[in-house]
Every structure is written in C-alpha cells, then in structure tokens.
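I opened my notebook to look a few things up, one entry at a time. Here is what I was looking at.

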Number of protein chains: 2
Amino acid sequence: MNEFELIARLSKSLPTNANVLTGAGDDCAVLDIGLPDQWLLFKTDALVEGVHFTKDASPEKIGHKALARCLSDIAAMAGTPNAAVVTIALPEKFDIAFVEGIYEGMNRLARKLGVAIVGGETTTNPERVLISIALLGFAPRGKAVLRSGAKTGDAIFVTGELGGSPAGKHLEFEPRLAEARWLAENFSIHAMIDLSDGLAGDLRHILNASQAGAELLRTAIPISRAAKVRAKEPSLKAKPAFVAALTDGEDFELLFTVAGADAVKLLDAWKTHFPKLKLSCIGKIVGNTGITIRDKNGTQPLAANGYIHFA
Amino acid sequence: MNEFELIARLSKSLPTNANVLTGAGDDCAVLDIGLPDQWLLFKTDALVEGVHFTKDASPEKIGHKALARCLSDIAAMAGTPNAAVVTIALPEKFDIAFVEGIYEGMNRLARKLGVAIVGGETTTNPERVLISIALLGFAPRGKAVLRSGAKTGDAIFVTGELGGSPAGKHLEFEPRLAEARWLAENFSIHAMIDLSDGLAGDLRHILNASQAGAELLRTAIPISRAAKVRAKEPSLKAKPAFVAALTDGEDFELLFTVAGADAVKLLDAWKTHFPKLKLSCIGKIVGNTGITIRDKNGTQPLAANGYIHFA
C-alpha cells in the first residue's frame with residue numbers, strides 16, 4: 001500500500017463538523033469559522049531525516065524547507081499564512097547548535113512573511129530528527145482555489161522550471177505565495193496545486209479531483225538546468241531530463257488552470273508583474289480522463305505517474 | 001539540556017505578529033483573528049512509540065491518547081476544540097489494521113466532542129511510529145485561562161486523583177473539557193494548567209508564569225488507587241504513592257487557582273455538577289517563590305520537581 005492508497009483509506013471516515021468546507025484531500029483544509037471576509041486554511045506537513053533531508057544538510061536549510069513546504073500548500077489555495085506550531089523530535093543526544101540552526105531557518109522565513117511561530121512540542125525520536133509543522137492561514141471568503149475546478153478547455157500553466165530539485169532546490173525553494181495571490185486576485189483560477197510529487201503526479205491530483213483529463217505539449221514543459229545537468233552526468237545515473245521534470249518531485253512550483261480564453265491575457269500580465277519567474281502554458285484540460293503527451297510524433301498516454309513516495 | 005531548558009532557549013526569538021495574544025509557553029497559543037466573540041486556540045503535541053506508548057499498546061488507545069493530550073491543553077484554557085490535523089510517521093512496513101486502529105481511537109473521541117479531523121500527513125519514520133497532532137479551538141473572547149494569573153491568597157484545586165497513570169490511565173483518560181468550561185463560566189479562574197508533567201512540575205509552571213509560590217497540604221493531595229497499588233507491589237519498584245502523585249505525570253487532570261474567598265462556594269457547586277469527579281483544595285498561593293509542603297511536622301520545601309521528561 002502506498003501513501004496515496006493509505007490516505008484514501010483513512011480519509012473515508014474522518015469526523016467532520018459544520019465549520020468544515022474542505023477536509024482532508026486538498027492542499028489545505030478550508031474552514032468557515034464565522035469571519036466575515038475570510039476563510040481559515042489549516043495544513044500539516046512533516047520532514048524526516050534520511051527521507052526528506054540528509055544528516056549533513058545545513059540545519060538552516062532544513063528549517064527553511066520544513067516551513068516552506070507548508071507555506072507552499074497555503075500558496076496552492078491562494079492563501080496568506082498566519083501562524084504555525086512546530087513539533088520537533090530529536091535523538092536523546094542532540095547538538096543544540098543544530099536545533100537552533102533549524103529554528104533560525106524557520107524563523108527567518110516566517111519573519112519575512114509575517115508568520116508567527118506560536119508553539120512547539122519537543123519530543124524524543126531516538127534514531128533521527130523529525131519535524132512536523134502545522135500552519136494556519138487565510139483566504140478571502142469564497143476565493144480559496146481548490147484542486148477540483150478544472151474544466152474542459154482550460155489552459156494548464158506551471159511556474160518556474162521543473163526537475164532536478166534533489167540537486168539543491170528542495171532545500172532552498174521560495175513558496176509562491178505572492179504569485180498565487182496575484183493570480184487569484186486578477187484571474188479566475190479554476191484549479192491549483194503546488195508541485196510536491198512531480199508534475200505527472202500532481203496533475204493527476206487535479207484531474208482526479210476535477211474528473212477530467214489533460215493533454216500536455218511535450219516541448220512546452222519547462223525543464224530546469226539542474227535536471228539537464230544531472231541527466232548528462234553518468235555517475236549520477238539520473239533520469240533523462242524530461243522524465244525528471246515530470247517525476248522528480250519537490251519543485252514547489254504552482255500548477256493551475258484557467259479558461260482557455262484567459263490564457264494569453266494572463267501570460268502577458270504575468271510577464272509585467274513577475275518578469276523573473278517563468279510561466280509556461282503546458283497543455284489543456286480535456287474531457288476524457290488520463291494524461292496524454294503530444295509531440296511531433298503524435299500523442300501518447302503518460303505512463304509515469306509521478307513520484308509516488310510514501311514520504 | 002532537558003526539554004524545558006531547550007524550549008526556553010528556542011522560545012526567546014520566535015517570530016510573532018499582530019494576531020498573537022499568547023505565544024509559545026502556555027498550554028495553547030491564543031490568537032485574536034478578528035472573530036467578534038471568540039479567540040482562537042492553537043496547539044500541537046506528539047506521541048512516540050517507546051516513549052509515550054509501548055509497541056504492544058492497543059492502537060485504539062494510542063489514537064485516543066494522541067488526540068486527548070491536545071484536547072487536555074484546550075481544556076486547560078477553558079476552550080472548546082474544533083478541528084485537528086494529524087501527522088503519522090510509520091515504518092516502511094506497517095500493519096494497516098494497526099494504523100486504522102489508531103484512527104478509530106482518534107475518530108471516536110473526535111466525533112464525541114464535535115472535533116473535525118481535516119487533514120493529515122503520512123510519512124516514513126523507519127524505526128517507530130510517531131503521531132503529531134495540531135488542534136484548533138475557541139475560547140470566549142477575553143476568557144481564555146492562562147497559567148499566569150495566580151495571586152497570593154488563591155486556593156489551589158485539582159480534579160481527580162493523581163499518580164499511577166503508567167498503570168493504564170495515560171492511555172484512557174478523558175480530557176476535562178466540560179469541567180474546565182463550567183469552571184470558567186461560573187467562577188473567576190485565575191490560572192489553570194492540565195497535569196501532564198506531574199503536580200510538582202506543572203504547579204511550578206503556574207508559579208513561574210505567575211511569579212508566585214505555593215504551600216501544599218500533604219494530606220489534601222488526592223492519591224489514586226493505582227499509585228497506592230503500584231507502591232505496594234515490590235516487583236514494580238515503584239515510587240511511594242505520595243511521590244507518584246506528585247511526579248508520575250500524565251494525570252491529565254486540571255490544576256487551577258481561584259480567590260480564597262471563592263473556594264467553598266466552588267467546592268459546593270462542583271459537587272452538584274460533577275458528583276462523580278473528585279475536586280480537592282490542596283493548598284494556597286503564597287508570595288514567596290517555590291513550593292512547600294505542610295504536614296503534621298511543619299513545612300518543608302519540595303525538592304522533587306516533577307517528571308522532567310525530554311518527551
């Protein structure tokens with residue numbers, strides 16, 4: 001049983017209440033707690049030594065990543081993060097400077113974004129460091145962007161360049177909060193997700209939630225320099241760059257859909273507002289399910305279903 | 001460095017923002033997010049296999065305990081819990097029935113209390129199961145009970161009976177939510193905490209936050225039957241029952257203070273509303289710092305400072 005099968009099984013019978021608009025299964029939960037103009041977003045995410053970072057990673061980057069992963073989920077709903085609580089589980093003998101480094105990385109990112117860290121739990125995990133963060137945020141009432149709104153004919157967009165994250169980006173990425181809010185304020189974004197599992201896997205999450213399919217244009221998919229460099233280095237035995245862009249995971253870019261009629265206007269406005277961050281239209285939503293890729297030889301179904309990580 | 005020293009060090013420089021009324025250092029964080037009648041409470045807590053439960057514990061009880069610990073912190077602020085997110089970290093080979101059992105225990109307790117479980121993260125922790133839960137709740141605006149309000153002359157109360165929790169109560173306790181709300185609605189509760197570290201340790205948390213001392217009456221401290229039975233069983237090499245009541249930890253009862261003038265009225269009203277749950281007046285808040293215990297031989301300072309667990 002992989003991560004997604006387990007989650008699907010456990011999600012079936014979770015308790016709910018009158019405040020819950022969207023429970024488990026999207027990037028964040030969405031709660032209506034009676035704020036006149038806002039919905040509350042609620043999310044948790046965890047990092048484990050040896051799974052999400054190596055023992056020799058910089059503690060500041062580990063802390064940055066731990067918080068940034070949650071922030072990226074708030075971005076995926078076009079939300080604004082507000083407050084976090086942190087569980088950190090440590091071996092009994094730990095290096096205090098290492099733990100302080102983790103907090104420095106978290107605190108720096110939190111401070112930059114106005115996020116308060118309002119509580120923590122320290123506990124013992126004898127074999128390895130584990131960090132679990134829960135994050136609260138807000139979205140304008142009625143405006144949280146879910147995974148489920150993609151419609152036939154939508155254009156599919158992705159920010160940045162994909163693949164090669166294991167080379168370093170996975171520890172240093174900047175969650176696309178400002179970009180996501182700008183998108184939701186200026187366009188009708190039908191569906192959005194942040195890329196944690198890889199384009200192929202995360203696009204499937206949108207398609208499953210929206211009961212739709214997608215056709216991607218192979219040449220339009222933006223491949224990162226890191227993925228290309230890794231592909232050329234025989235000692236790494238890395239994936240071909242295109243496969244890396246589809247399946248490496250931990251890109252933490254935004255994947256979203258808008259009505260086809262909005263696509264050109266959006267691309268133009270984006271270039272003015274975010275000249276340094278690439279935005280690519282990589283395909284369209286189609287009525288039939290599944291993902292196909294079009295190249296000069298025609299279309300073929302996408303077999304690779306992304307990085308299925310139990311992690 | 002123990003748990004409390006580490007937390008003190010990390011807590012010094014945490015980022016905050018305009019919504020934070022009480023950050024790290026109380027039972028829950030208290031946020032003012034603009035709700036007209038309510039404050040938001042936010043809390044995280046974790047359970048680790050081999051630290052907080054043994055491998056052979058019932059999964060339903062593990063799930064119950066994981067959520068109940070957070071609920072007990074909401075109770076300590078006289079709050080009402082609303083929604084939780086759950087991180088569960090599992091060895092790569094896990095028993096699906098065991099994981100479902102954990103969720104059953106959590107779900108049953110959540111459902112009973114109207115708490116929604118709105119998201120989760122499953123991840124890998126190769127050597128042992130770890131569960132981290134973050135919980136949101138509400139307290140009436142201006143009415144969350146902090147640790148910091150104890151005043152000289154206050155009577156100190158504790159619910160239930162203390163000690164012996166390792167014999168079983170630690171996996172089965174009921175968080176004192178209804179009792180705490182009733183207390184805050186009907187009396188001016190000056191300070192409150194839930195007993196997780198043991199009476200001696202948790203009373204010190206109140207005293208440190210309130211800059212006060214306490215005098216306890218030895219014969220008034222309610223000792224559980226489990227603590228007495230364990231003390232008499234030579235094979236357990238357990239603590240004397242009185243020491244167990246002070247230091248075993250994981251009682252998850254309420255410890256609180258009210259003005260001395262309210263003490264008798266409170267005890268009388270309690271007996272009517274909660275006839276099945278013992279309430280004991282165990283001493284008073286005094287101006288000087290530290291804890292003393294009075295018995296027939298006079299008063300002596302309390303050396304044992306509770307169960308200092310890095311856990």
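**Entry 1: a helix in chain B**

Before anything else I wrote down what "buried" means: a residue is buried if 20 or more other C-beta atoms lie within 10 Å of its own. I also reminded myself that this is a predicted model.

With that in hand, I went to helix α6 of chain B, residues 199-210. Which of its residues are buried? I listed L199(B), A200(B), G201(B), D202(B), L203(B), R204(B), H205(B), I206(B), L207(B) and S210(B). That is ten of the twelve residues, so I noted α6(B) as mostly covered.

Next I looked up what covers them. The buried residues of α6(B) pack against strands β7 (155-159), β8 (189-194), β9 (213-217), β10 (254-258) and β12 (290-295) of chain B, and also against helix α8 (241-247) of chain B.

At 1.5 Å a residue, its twelve residues should span 16 Å, and the end C-alpha atoms are 16 Å apart, so the two agree.

**Entry 2: two residues in chain B**

I picked F53(B), which sits in the loop between β3 (38-48) and α2 (59-76) of chain B. Is F53(B) buried or exposed? I got 20 C-beta neighbours inside 10 Å, so F53(B) counts as buried. Leaving out residues up to four places away in sequence, F53(B) touches L47(B), I62(B), K65(B) and L171(B).

Then I turned to T22(B), in strand β1 (residues 20-22) of chain B. T22(B) has 22 C-beta neighbours inside 10 Å, so T22(B) is buried as well. Its contacts, not counting residues up to four places away in sequence, are A29(B), V30(B) and L146(B). L41(B) is 19 residues from T22(B) along the chain, with 9.4 Å between the C-alpha atoms.

**Entry 3: the nonpolar core**

The largest nonpolar core has 206 residues. Which of them touch the most other members? I found L41(A), A84(A), L41(B) and A84(B). I followed up on L41(A): leaving aside neighbours within four places in sequence, its contacts include C28(A), V30(A), I74(A), M77(A), L136(A) and F138(A).

**Entry 4: domains of chain A**

Chain A is divided into domain 1 (3-140) and domain 2 (155-301). Their centres are 23 Å apart over C-alpha atoms. Where they meet, 16 residues of domain 1 are in contact with 17 residues of domain 2. Helix α2 (residues 59-76) gives the most to the domain 1 side, with ten residues. By class, that side divides into nine nonpolar, three polar and four charged residues.

**Entry 5: chain A meets chain B**

I counted 57 residues of chain A in contact with 56 residues of chain B. On the chain A side, β5(A) gives the most, with nine residues. That side has 32 nonpolar, 18 polar and seven charged residues.

How are the copies related? A rotation of 180 degrees, with 0.0 Å of shift along its axis, superposes chain A on chain B with an RMSD of 0.0 Å. The two copies are therefore related as by a two-fold rotation axis. Finally, 98% of the interface residues of chain A are also interface residues in chain B, so the copies meet through the same surface.

Key
Residues numbered from 1 in each chain as written. Chains lettered and ligands numbered in written order. Predicted model: local features only at pLDDT ≥ 70, side-chain atom pairs only at ≥ 80, totals over all residues. Domains from an automatic or database assignment. Contact = placed C-beta atoms within 7 Å. Helix = DSSP H or I, 4+ residues; strand = E, 2+ residues; numbered from the N terminus. Nonpolar A, V, L, I, M, F, W, Y, C, P; charged D, E, K, R; others polar. Least-squares fit on C-alpha atoms with pLDDT ≥ 70 in both. Core = buried A, V, L, I, M, F, W, Y, C linked by C-beta atoms within 7 Å. Expected span 1.5 Å × (residues − 1).
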